[in-house]
Amino acid sequence: MAEPSNLRIVPLVDQRARSIPVSSLTADPRTLSAEQASPTDRLGRPLRDLRISVTDRCNFRCSYCMPKEVFDKDYQYLPQTALLSFEEITRLTRQFVAQGVHKLRLTGGEPLLRKNIEVLVAQLAALRTPDGQPLDLTLTTNGSLLAKKAQALKDAGLQRVTVSLDGLDDAIFRSMNDVDFPVAEVLRGIDAAQAAGLGPIKVNMVVKRGTNEQQILPMARHFRGTGIVLRFIEYMDVGATNGWRMDEVMPSAEVIRLLQTEWPLVALEHSSAGETAQRWGYADPAGIHDPQAGEVGVISSVTQAFCGDCNRARLSTEGQLYLCLFAGQGYDLRTLLRNGTDDAGLATAIRQIWQQRSDQYSVLRSALPASTQASTRRVEMSYIGG
Ligand code: SAM
């Protein structure tokens, strides 16, 4: 429940100014090999998934993400001119798609706070892969504005939504979002998304020990058999403001054991390469997955960090390209967009950046003592998106 979080907040290190100018990259001969249509990085990983943050603002103040003590009324959000416009995002995304990206996720901040977001959705929905396929286009939201926006998003071409929801108990939920937002309104948003056909819907619950682990079973009971996939996320040490502590992480293995006290579960295959969640199906009495009952997922970013097939890149609100959630610096693509670089130049830059990527921060970081992990510089989740 509400905790003395002011005791744990560490000062914000503003990562936004720290970016790598793209011109500082050294040429990689592979950049110029036109026959390799889709680049791979130094560990052989292709570029498939692009997460696009469309705003650094949010109307929630979850203590694990945007604690009130830091993100207060004096906090300096990015000025409007710093944000990529919809046209800039679409132009850049087109070049990412030409390099192999086929999955796009809009995030933030709270993406539904960005004015006319459905206009951007429509522009992105019109993009096609080099072999003419539509993209997998999805959006992650806290659900607060979803009841109002679901149909317009669907009409614009959005395929799916993921809704973040950390509990069903109204008091716990209000305390976690820290702006007294009622859970009923998020549930109404999920219903609206389902009615609009924005499925299969995923619901992500961050589990913070001592705060909301008693919500695990009620959440599972609520979403079991609805076609909605509930996923439990380990509370991560992203950013520098949430005062993360290992003893507040509930390992996914423990979540699964708790669920198994009520239902038999069977492990399911990954749905695609680079998939972050381990999938578990509700089983029938014979121990076979019952598709009617559905499935749950766990995302073990802390206890089982795995970078081996990570195919994700992240574009920040102001056009910095991050190659990892735990990266301390991004590559400045906005300057290229605004200095007259043509599309071929943008494509070359993306290719070159990806081909030089060797990041495996999650795996390397998990090998460090917790004290060292907490002091390394890293970007805020609210700036880069989840
Ligand atoms: N506002 C949108 C939302 O709520 O989904 C998108 C942005 S939010 C940063 C994306 C996801 O990151 C949310 O599911 C949020 O719960 C998760 N998140 C933020 N901080 C986290 C942390 N420290 N550990 C694990 N997940 C976190």
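Two strands pair if DSSP finds at least two bridges between them. Helices (H or I, at least four residues) and strands (E, at least two) are DSSP runs, numbered from the N terminus. The views below come from a predicted model, in which local features need pLDDT of at least 70 and side-chain atom pairs count only at pLDDT 80 or more, while totals for chains, interfaces and linings use all residues. Residues are numbered from 1 along each chain as its sequence is written, and side-chain values use heavy atoms, with hydrogens and water left out.

View 1. Let's start with β10 (residues 295-299), where five of five residues are buried (under 20% relative accessible area; exposed is over 50% and partly exposed in between, with a 1.4 Å probe and protein chains only). Glu 295, Gly 297 and Ile 299 point one way, Val 296 and Val 298 the other. In a regular strand the side chains alternate between the two faces of the sheet. Strand β7 (residues 229-234) pairs with β10 in the parallel sense over four bridges, and Leu 230 has Val 296 as its bridge partner. Strand β9 (residues 278-282) pairs with β10 in the antiparallel sense, also over four bridges; here Trp 280 is the bridge partner of Val 296.

**View 2. The buried face of helix α7.** Look here for Ser 252, Val 255, Ile 256 and Leu 259, which are buried in α7 (residues 252-260). Seen down the axis, the buried residues of α7 fall within an arc of 95°, so they line one face of the helix (the arc is that of the directions from the helix axis to the C-beta atoms). They pack against α6 (216-223), β7, β8 (265-267), β9 and β10, where contact means heavy atoms within 4.5 Å.

**View 3. Aromatic rings.** Rings of Phe, Tyr and Trp (its six-membered ring) pair if their centres lie within 6.5 Å; planes under 30 degrees apart count as stacked, over 60 as edge-to-face and the rest as tilted. The count comes to six aromatic pairs. Phe 60 and Phe 181 have ring centres 5.2 Å apart and planes at 50°, so the pair is tilted. These two residues lie 121 residues apart in the chain. Ring pairs link Phe 60, Phe 173 and Phe 181 into a cluster.

**View 4. Charges over rings.** The charged end of Lys 208 sits over the ring of Tyr 235, 5.0 Å from its centre (NZ of Lys or CZ of Arg within 6 Å of the ring centre and within 35 degrees of the ring normal). Arg 224 lies over the face of Tyr 282, at 4.8 Å from the ring centre.
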